[in-house]
Amino acid sequence: MSVRDELRRNMPLFPIGIVTKLTELSPRQIRYYEQQGLIRPERTKGNQRLFSFNDVDRLLQIKSYLEKGLNLAGVREMFKQNQQVLEAKREVERVKKELTERELRRMLKQQIIHPNRPGQIPLTHGEMSRFFRH
DNA sequence: GTTCTCACA
DNA sequence: TGTGAGTA
């Protein structure tokens, strides 16, 4: 998902009346979930809540968890764990990418030092391009 | 008309 | 969690 899409998804757009129709949650429930720290909708200058697409998605997630028998503490725990899983995945990807770059740099160095060496695996333009400005 | 906060005969 | 009061 692009940065622009991410910005769109976080835009404060919907007043609570729209969100109640989107989620079939009562205003009371939505405000209570906010009070419990499960969502953080933006506010207008007049102190009215404005919800983003992400807020709506999160509310639907909350509703889904509640319907599966969790209480709010359970929902909070699920969110926390989900975030930890996401962070762990990002870390794995970061390390994998780091190793890949290191390996490519080593191959590039070998190719420069020993051009046309027998058995040398030529780096493709695609791989090389990672080391130059676009 | 909608939303906000607060309180509960 | 619902609902009504009194506001903004």
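Into which domains is chain A divided? Here are some notes to read alongside the structure, which is a predicted model.

1. **Domains.** Chain A is split into domain 1, covering 1–69, and domain 2, covering 88–134. Taken over C-alpha atoms, the centres of domain 1 and domain 2 are 44 Å apart.

2. **Around the DNA.** If you turn to DNA strand C, you will find Ser26, Arg28, Gln29 and Tyr33 surrounding it. Of the atoms of DNA strand C that come within 4 Å of the protein, 28% belong to sugar and phosphate. By residue class, this surface near DNA strand C has one nonpolar, two polar and one charged residue.

3. **Phosphate contacts.** Tyr33 has a side-chain N or O atom 2.6 Å from a phosphate oxygen of DNA strand C. For Ser26, the distance from a side-chain N or O atom to a phosphate oxygen of DNA strand C is 2.7 Å. Gln29 places a polar side-chain atom 2.9 Å from a phosphate oxygen of DNA strand C.

4. **The largest pocket.** How much space lies in the largest pocket? The figure is about 440 Å³. Its lining has 13 residues, and Arg58, Phe79, Asn82, Gln83 and Leu86 are the closest to its centre. Helix 4 (53–67) and helix 5 (72–113) are the elements that each give two or more residues to this lining. Helix 5 provides the largest share, with eight residues. Sorted by class, the lining of the largest pocket holds two nonpolar, four polar and seven charged residues.

5. **The second largest pocket.** This one has a volume of about 200 Å³. Its lining includes Asn10 and Pro12, the run Gly37, Leu38, Ile39 and Arg40, and also Glu42, Leu50, Ser52, Asn54, Asp55 and Arg58. Here the largest share, three residues, comes from helix 4. The lining of the second largest pocket divides evenly by class: four nonpolar, four polar and four charged residues.

Terms used:
Residues numbered from 1 in each chain as written. Chains lettered and ligands numbered in written order. Predicted model: local features only at pLDDT ≥ 70, side-chain atom pairs only at ≥ 80, totals over all residues. Heavy atoms only, no water. Near = heavy atom within 4 Å. Polar contact = N/O pair within 3.5 Å; in protein donor to acceptor, adjacent residues only side chain to side chain. Nonpolar A, V, L, I, M, F, W, Y, C, P; charged D, E, K, R; others polar. Domains from an automatic or database assignment. 1 Å grid on protein atoms, 1.4 Å probe; cavity = no way out; pocket = protein on both sides within 12 Å on 5 of 7 lines; lining within 4 Å. Points joined across faces, edges and corners; volume = space filled by probe spheres on them. Helix = DSSP H or I, 4+ residues; strand = E, 2+ residues; numbered from the N terminus.
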